[in-house]
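My plan is to jot down what I look up as I go.

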Amino acid sequence: MSSLPLTPHYRDALPARFGGLAAGSSTGHPDGIPAPADAHARLDAPDARAMVEVRGVVKRFADGQRHVEALSGVDLRINAGEVFGIIGRSGAGKSTLIRCINFLERPTEGEIVIDGIDLATLNPAELREQRRHIGMIFQHFNLLSSRTVYDNVALPLELAGVPKAEIRKRVEPLLELVGLASLRDRYPAQISGGQKQRVGIARALANEPKVLLSDEATSALDPETTRSILALLQEINRKLGLTIILITHQMQVVAEVCDRVAVMEAGRIVESGEVFDVFTHPQAEITRTLVQDVVREALPEETVRAAQAKAADGSRLWRITLSGDSAGEPVITELVRRFNLSINLLQGHVDEIRGRPFGSLLVLASGSAHEMDAAVAHLAQRNVSIEEIPHVG
Amino acid sequence: MSAELLKLLLDSFWETLIMVGASTGIAALAGIPLGVFLVISDRGSLLQNLALNRSLGALVNALRSTPFIILLVALIPFTRLIVGTSIGTLAAIVPLSIAAIPFVGRLVENALREVDGGLIEAAQAMGATPGQIILKVLIPEALPSIIAGLTITIVSLIGYSAMAGAVGGGGLGDLGIRYGYQRFLPDVMAAVVIVLIALVQVIQFGGDRLARRFNHR
């Protein structure tokens with residue numbers, strides 16, 4: 001996905017080595033940048049209305065004699081009007097989780113509450129009625145090959161018993177919204193993957209849902225089409241105020257459209273919070289690896305070795321993370337002028353995540369030990385995260 | 001060939017059409033629901049009922065493994081109960097239908113199983129009832145395969161109908177046996193075979209075209 005705006009800077013990632021280095025001594029996060037662990041406090045902000053609540057959800061599947069636990073106690077609160085991402089590697093349980101949200105899978109334990117309604121308390125007819133308010137789009141689109149674009153979008157309305165004239169009034173604007181008005185009489189086999197997903201989106205919106213579930217909706221699409229579909233989802237979120245829950249294994253998707261994100265691993269949520277915070281200060285190992293898909297931080301082995309050799313003479317290897325306001329600061333200039341350090345820039349990039357600048361610099365600093373300590377203290381005060389990477393061997 | 005024989009050929013042709021047409025219609029009416037039920041009552045499907053699914057499956061297999069000529073004779077009391085007689089073209093429709101129902105059932109079952117499970121899931125997510133899923137998703141999506149299956153059924157029934165002579169059902173096959181073979185009239189035999197070949201070609205061609213018209217995959 002090199003064409004995405006968050007361009008990786010190095011082709012040769014060294015996740016394992018980077019993981020080892022990053023685990024070294026750290027000056028910690030300066031105040032002002034909330035760590036994702038604190039984000040839960042914000043989720044419960046009184047002004048945000050909960051649209052979807054997942055409480056203690058466990059899902060076990062019987063696989064012959066064995067029981068496989070796909071979800072081991074998941075709690076989530078998704079606010080009305082937000083775009084919430086659930087990311088994880090395949091097998092992490094994210095697909096099971098999203099299918100639990102509309103009860104395509106019934107949780108073994110726990111509750112799913114949609115807009116105040118506990119789905120477990122509904123009888124089959126009531127559940128069907130609720131599902132009409134929960135739109136869903138799929139990785140493989142799941143369009144009926146026997147129906148035209150128009151008739152596919154009309155299907156949920158037919159199922160709901162909406163009269164034909166009314167269906168026409170609802171379907172036509174939807175086709176306009178997703179940009180498919182001219183393809184209304186085509187069959188799914190005659191249109192492209194991106195267009196199929198647009199039909200899927202229009203179909204999911206036909207019943208004017210409160211929530212839209214997106215199950216890997218862009219995973220079968222090329223980067224260009226992925227971007228256009230994500231832009232459409234964002235437009236829908238803004239125009240209609242629709243709550244969107246999307247699961248994906250692509251961090252780029254999260255970076256582009258999500259307000260908040262939960263990271264899943266082995267049936268649990270290991271980390272969640274504002275997308276910007278999770279990106280800039282990933283806590284869990286899995287998050288670091290996923291973030292690297294977008295913000296490539298690992299250095300080529302050769303660069304690391306050269307830097308370590310130099311560091312032996314008293315220089316220090318620093319990772320300086322600039323986020324939010326501090327991203328615009330002339331940090332390097334200050335280090336050079338105020339502390340009389342010599343700075344060798346090894347790697348650096350500045351990206352924008354959810355409209356906020358975020359930069360990461362890897363530098364080799366040399367100067368007097370006293371000045372270097374002073375510089376660290378100074379930067380920490382200025383809300384710039386600085387982390388010393390120890391030299392190995 | 002004499003005018004008399006030609007009339008005989010024409011009558012037999014009609015008898016075949018009546019036997020095959022009626023039994024196909026009955027087999028479709030009963031066999032499509034049977035096939036639908038075999039699918040939706042299976043494990044993990046819309047209306048799981050394993051006991052009923054397995055026993056219906058066993059009945060279907062039993063009927064399909066019984067040779068048609070035996071079925072034809074064994075069903076004589078049942079035929080008499082329904083049609084009032086066990087002899088003639090109408091009477092032959094009963095065993096032909098009974099033989100074709102499980103055949104259509106299995107073909108429809110296979111056709112429906114080919115429908116992508118994701119479509120059923122999407123319909124469920126939209127709040128569709130099981131009935132709506134069957135009528136608006138499963139059957140329309142499987143329609144080309146169902147049509148192809150019915151075409152196969154018609155062609156098979158034309159073959160089976162040749163045995164209907166055993167209960168006085170008449171038809172082209174019976175004409176071939178009685179005149180072509182037993183009276184040794186090779187021209188009658190040839191005429192019967194040619195008409196049958198032409199009939200099957202037309203039906204196969206029509207069935208293929210119809211299936212293609214409904215296939216948008």
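I call two residues in contact if their C-beta atoms, placed from the backbone, lie within 7 Å. With that, I checked chain B: residues 24 or more positions apart account for 71% of its contacts with a separation of 6 or more.

A note on ground rules. This is a predicted model, where local features need pLDDT of at least 70, side-chain atom pairs count only at pLDDT 80 or more, and totals for chains, interfaces and linings use all residues. Residues are numbered from 1 along each chain as its sequence is written, while chains are lettered from A and ligands numbered from 1 in the order in which they are written.

Chain B, continued. Of its 217 residues, 42% count as buried (20 or more other C-beta atoms within 10 Å of a residue's own; 12 or fewer is exposed, in between is partly exposed). Its C-alpha atoms fill a box of roughly 65 × 40 × 25 Å along the principal axes.

Next, helix α13 of chain A, residues 331-339. Which of its residues are buried? I get A:Val331, A:Leu335 and A:Phe339. They sit on the same side of α13(A) because they cover an arc of only 50° around the axis (taken from the directions from the helix axis to the C-beta atoms). These buried residues pack against β11, β12, β13 and α14 of chain A. On the face turned away, I noted the exposed A:Thr333 and A:Arg337. After the helix comes A:Asn340, with a positive phi near 55°.

Terms used: Helices (H or I, at least four residues) and strands (E, at least two) are DSSP runs, numbered from the N terminus.
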